[in-house]
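Please read the numbered points with the sequence and the model at hand.

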Amino acid sequence: MTAARRNANNTPMTGPAIETEGLTKDYTTGFWLAKKKRSLDNLTMQVERGEVFGFLGPNGAGKTTTIKLLMGLTFPSAGTARILGRPVSDVGMHNEIGYLPEQPYFYDYLTACELLDYFARFHGYGAAERRERVERMLKKVGLETAGKIQLRKYSKGMLQRVGVAQAILHDPQVVILDEPMSGLDPLGRREVRDIILELKRAGRTVLFSTHILGDAEMLCDRVGVIAGGKLRGVGAPKEIVGVQSHGMEILFEPGSGAGAAGILEKAVRMGERYRIEVAEGELYGAIEQLRAAGAKILSVVQVRQTLEDYFLELIGAEQARTSAVEVGEK
Amino acid sequence: MKRAGIVAWNTFREAVRDRVLYNLVFFALLMIAAALLVGQISIGIEQIVIVTLGLSAISLIGILMAVFIGVGLVSKEMEKRTLYALLAKPVRRWEFLLGKFAGLALTLAVNTAAMATGLAGAMWLVQGSLRAEDAAVLVAVYFILLKLAIVVSLALLFSCFTTPLLSTLFTAGLYVAGVFAPEIRAIGKVTGNAALDAVAMGFSYLLPNFDNFNVIAAAAHRRAIPGMLVAQNTLYAAVYCAIALTGATMIFSRRNLK
C-alpha cells in the first residue's frame, strides 16, 4: 500500500470495503474426484465502504460459495479477494469482520451468554467488557430473557438471532450475513432489518445474501444478482425498479354503457373488478372510453419493473434452476 | 497461543457437559469390586492384582476416550458447521487444532488423575497404607498419559482428511500396531529375509512405539522405573505429537470447508 492511509490494525482506510477480481471456485466431484464443478465463475465486483450490498440469487447460485471464499473457509481456484484492502487469507483482519453463516449452528451445550462470551474472548476483551457486550447484544436481538438457556433448547429463529449477535459482537467494520432473514418470523425479520439499517447509520459496510427480494429492495444501496456461478448484474434497486415505466394500470368496475363489451375483452377480471394495462400515451383515451362505458374507475397506477422482474429477466426461469456450471472432466 | 487456550478450555467444557467423565463411576465401581474380591482370591499378591487391574483399566478407558472423542474433534465441528463462526474470528487453523488437542489432553489428564486417585484408594484399602515404592504406579500413570497424547494427535491427524469411521480404524490400527512394534521389528530377523527385515525395521520406526510406555508389570512388582526411560518417553511423545500435529495443520490449513 503506498499512499493509502492505514489505521492501528494496519488496515487501509481508503478503497472499497470488499473487492474480488476473477474469483473462481471449482469443486471436484465423483468417486475419483475427476469431475470438476464450477460453483463460482470469474466474479469481479466491489462493495464500497458504508454501503449495504445485497447479494441476490436462487439457491445454488454461488452466493454462499462467494461468502465462504471471503471468509477464508474455502480457497479460490483462481482470482483474488480483499476485504478492507487486505487479502482474505489474513486472519488478523477478522477483528474487523462479522460473519453470520447460513443456517447457523453453535455449540449446543453452551448458553447464549456463554457462546457470546466465548467468541468475545478471541477479540481480547476483558471480563467486564465481555459481560457488557454480551448483555447489549442479547438485548439487541431480543434474547435478553433467554441468555441463560442452553442453545440445544433454542428454535431455529432464536439460533439465527444468536448468529446475528455473534456477528456484530465486536463492532466490526464489515458485516457479512449469509441469508440473515432465514428462519425468522415477521418480527424477527423486522428486527434484523433494523439492525442492518443501524449498522448502515453507524457507517458499517454490510454484505448480505438473500433470495427475498423485498428485503433487498428495502435495505440495499446496491444489489448484485448472481446465477449459475456468474454475476449477472449490479445496480441500485431504485435505478432498477424506479426509472423505467412499463405503462399504466387502470382498475375499474364495469358499467353497461356504449363500448363496455369491447373494453372488457381487453381487461383481466379480478373478482368483481377488472384490470387493464395501457401505454402511457393511451391513458386519457382509455379513461374516456371507460367513462363512456359507464365504468367506475377505482385506481390508476404506473406499472414499474420490480426487483423480481429484473431478477427473473436476468437469470431466466431455466437458469434459476441451474445450480452450477459443469466445466468438464480433468 | 492464547486463542488455542480458549479453544482448549471450551473443548474441556464440552467433554464435561457431555458427561464424558461419567466413565469414572464405572471405574470407581470396578476398583471397589476388585478391592473387595482380591482379598479373597489372591493370597499374598493382592497388591499386584489390584495395580495390574487398575492400571490396565486406566489405560483401556483412556484409549477408548482418546480414539472415539479424538476422531470427532474436527469432523464433528465440520459436520455441524460450528467451525464456520469460530474460524470467522481471528483464530488461525493451527490454533484451533492445537486448542482441540490440548482440550482433549486436559480432559484425559483430569480423567486419568481421578482414576489414579481411585486406584490409590483401592491400594490403600488392600495394603492398609501407601509406601514409597508405590511411586512407580504414578510413573506408570504418567506413561499412560503420554501414550494417550500420542493417540489423540494421531486421531486428530486422521480426522483432518478422512471420515470418522476411517479415522477410528486408522487410529485404533496404529495403536495396536504400536503396541506390537518390537514384534514387527523382529519379523525380519525371525524369517532371515534381508528385504523383509529392512521393510519391517523401517515400518516399526514409523509406528509409535507404545511398548516402551508399558511399565504396568514393573509398577505392580514395585520395581523402580529408570529416570532415563522417563526422559526418553517424554521426549519421544513430545516429538511424535509435534510431528502428527504439524501434519494435521498442513492438511487442515488447505482444506475447503463445504
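**Notes on the predicted model**

1. Between chain B and chain A, about 2900 Å² of area is buried, and carbon and sulfur atoms give 58% of this area. On the side of chain B, the residues that lose the most area to chain A are B:Arg17, B:Lys89 and B:Pro90, which together account for 20% of what that side buries. It should be kept in mind throughout that the model is a predicted one.

2. The interface may also be described by its contacts. Chain B contributes 28 residues, which are in contact with 33 residues of chain A. Two salt bridges are counted between chain B and chain A. B:Asp18 forms a salt bridge with A:Arg152, and the closest N and O atoms of this pair are 3.8 Å apart.

3. Chain A may be considered next as a whole. Its secondary structure consists of 10 helices and 15 strands. The chain has 330 residues, of which 49% are buried. Among the contacts in chain A with a separation of 6 or more, 70% are between residues 24 or more positions apart. Chain A exposes about 15500 Å², with carbon and sulfur atoms supplying 49% of that area.

4. In chain B, a nonpolar patch on the surface deserves attention. The patch is formed by B:Phe161, B:Leu165, B:Leu166, B:Leu169, B:Phe170 and B:Ile251, and these residues together have about 550 Å² of accessible area. Helix H8 of chain B, residues 164–179, provides the largest share of the patch, namely four residues.

5. Is B:Leu169 buried or exposed? This residue is found in helix H8 of chain B. B:Leu169 counts as exposed because its relative accessibility is 53%, and the term exposed applies over 50%.

6. H8(B) has 16 residues and spans 22 Å from its first C-alpha to its last, which is close to the 22 Å expected at 1.5 Å a residue.

7. Which residues of H8(B) are buried? They are B:Ser167, B:Thr168, B:Thr171, B:Leu174, B:Tyr175, B:Ala177 and B:Gly178. The cover over these buried residues includes three helices of chain B: helix H3 (46–70), helix H7 (135–159) and helix H9 (181–191).

Key
Residues numbered from 1 in each chain as written. Chains lettered and ligands numbered in written order. Predicted model: local features only at pLDDT ≥ 70, side-chain atom pairs only at ≥ 80, totals over all residues. Heavy atoms only, no water. Patch = residues over 30% accessible without salt bridge, like charges linked within 9 Å, V, L, I, M, F, W, Y side chains within 5 Å. Areas by Shrake-Rupley, 256 points an atom, 1.4 Å probe, with all protein chains shown as cover. Salt bridge = Lys/Arg side-chain N within 4 Å of Asp/Glu carboxyl O. Helix = DSSP H or I, 4+ residues; strand = E, 2+ residues; numbered from the N terminus. Buried < 20%, exposed > 50% of the residue type's maximum accessible area, 1.4 Å probe, protein only. Expected span 1.5 Å × (residues − 1). Contact = heavy atoms within 4.5 Å. Buried area = accessible area lost by both parts, 1.4 Å probe.
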